[in-house]
Amino acid sequence: MTFNVLKYSLVISAFTLVLGCGAYSFTGISLSADTKTFQVNYFQNTAALIEPGIERDFTIALQDLILNQTNLVLVNSNGDIVYEGEIVEYRISPTTATSSNTAAQNRLTISVNVIFTNTNEEESDFEKRFSFFYDYAGSAQLIGSQKTTAIEEIFERITQDVINASLANW
């Protein structure tokens, strides 16, 4: 009986120590104790094909994900970590064709160039392009709720990839 109590006490103590120091979380995010704030500058849309509003949607999606997965505080300037960049691609292209030379399936691709700066750990700074896609039937038009769903799914993947590249030490 005392062995089990001792074993559970050690497990709980170790668990508390690991989580209490702020160095690790179950999302894989690892931040230094000095990192308390972040800022996400507005991502401009410089893609050849402009979809109005996606720059705002991406900026908010990235802010929300960081707020949900970390204990960092969002600031407008002088953040310990800073995300900035631009949407560089918004493209719809056929991926497969039918025998009558029409698109059987189309693909929406969005690419974002991200510049990440960590004032406390400059060696982790980077500039990188992140991209993802959404496939839909060639007979469908990408409008309304389908377009909203497509953009949300793409941004969900890209923002998570950005977080993994910048904050997770996997």
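Me: Does Asn78 count as buried, partly exposed or exposed, and what is the reason?

Reply: This is a predicted model, so the answer rests on computed values. Asn78 lies in the loop between strand S3 (73–74) and strand S4, and phi of Asn78 is near 60°, a positive value in a residue other than glycine. A residue is called exposed when its relative accessible area is over 50%. Because the relative accessibility of Asn78 is 72%, Asn78 counts as exposed.

Me: Does Glu51 count as buried or exposed?

Reply: Glu51 lies in the loop between strand S2 (44–45) and helix H2. Leaving aside neighbours within four places in sequence, Glu51 is in contact with Asn45, Tyr90, Lys147 and Ile151. The cut-off for buried is under 20% relative accessible area, and because Glu51 has 15% relative accessibility, it counts as buried.

Me: Which element supplies the largest share of the largest nonpolar core?

Reply: The largest nonpolar core has 34 residues, and those with the most contacts inside it are Leu62, Tyr83 and Ile110. Several elements each supply at least two residues of this core, among them strand S1 (37–40), helix H2 (54–69), strand S4 (81–97) and helix H3 (144–167). The largest share, eight residues, comes from H3.

Me: How are H2 and H3 placed relative to each other, roughly parallel, roughly perpendicular or oblique?

Reply: Two packed helices are described by the angle between their axes and the distance between the axes. H2 and H3 pack at an angle of about 50°, with their axes 10 Å apart. An angle under 35 degrees would count as roughly parallel and one from 65 to 115 as roughly perpendicular, so the placing of H2 relative to H3 is oblique.

Me: What is the handedness of the crossing of H2 and H3?

Reply: The contact is made by residues including Leu62 and Leu65 of H2 and Phe155 and Ile158 of H3. The residues of this contact divide into 11 nonpolar, three polar and one charged. As for its handedness, the crossing of H2 and H3 is right-handed.

How values were computed
Residues are numbered from 1 along each chain as its sequence is written. This is a predicted model: local features need pLDDT of at least 70, side-chain atom pairs count only at pLDDT 80 or more; totals for chains, interfaces and linings use all residues. Side-chain values use heavy atoms; hydrogens and water are left out. A nonpolar core is a set of buried Ala, Val, Leu, Ile, Met, Phe, Trp, Tyr and Cys residues joined through side-chain atoms within 4.5 Å. Buried means under 20% relative accessible area, exposed over 50%, partly exposed in between (1.4 Å probe, protein chains only). Helices (H or I, at least four residues) and strands (E, at least two) are DSSP runs, numbered from the N terminus. Contact means heavy atoms within 4.5 Å. Axes are lines fitted to C-alpha atoms, for helices over the stretch in contact, and angles run from 0 to 180 degrees between N-to-C directions. Angles under 35 degrees count as roughly parallel, over 145 as roughly antiparallel, 65 to 115 as roughly perpendicular and the rest as oblique. A crossing is left-handed if the near helix is turned anticlockwise from the far one by less than a right angle, and right-handed if clockwise. Ala, Val, Leu, Ile, Met, Phe, Trp, Tyr, Cys and Pro count as nonpolar, Asp, Glu, Lys and Arg as charged, and the others, Gly among them, as polar.
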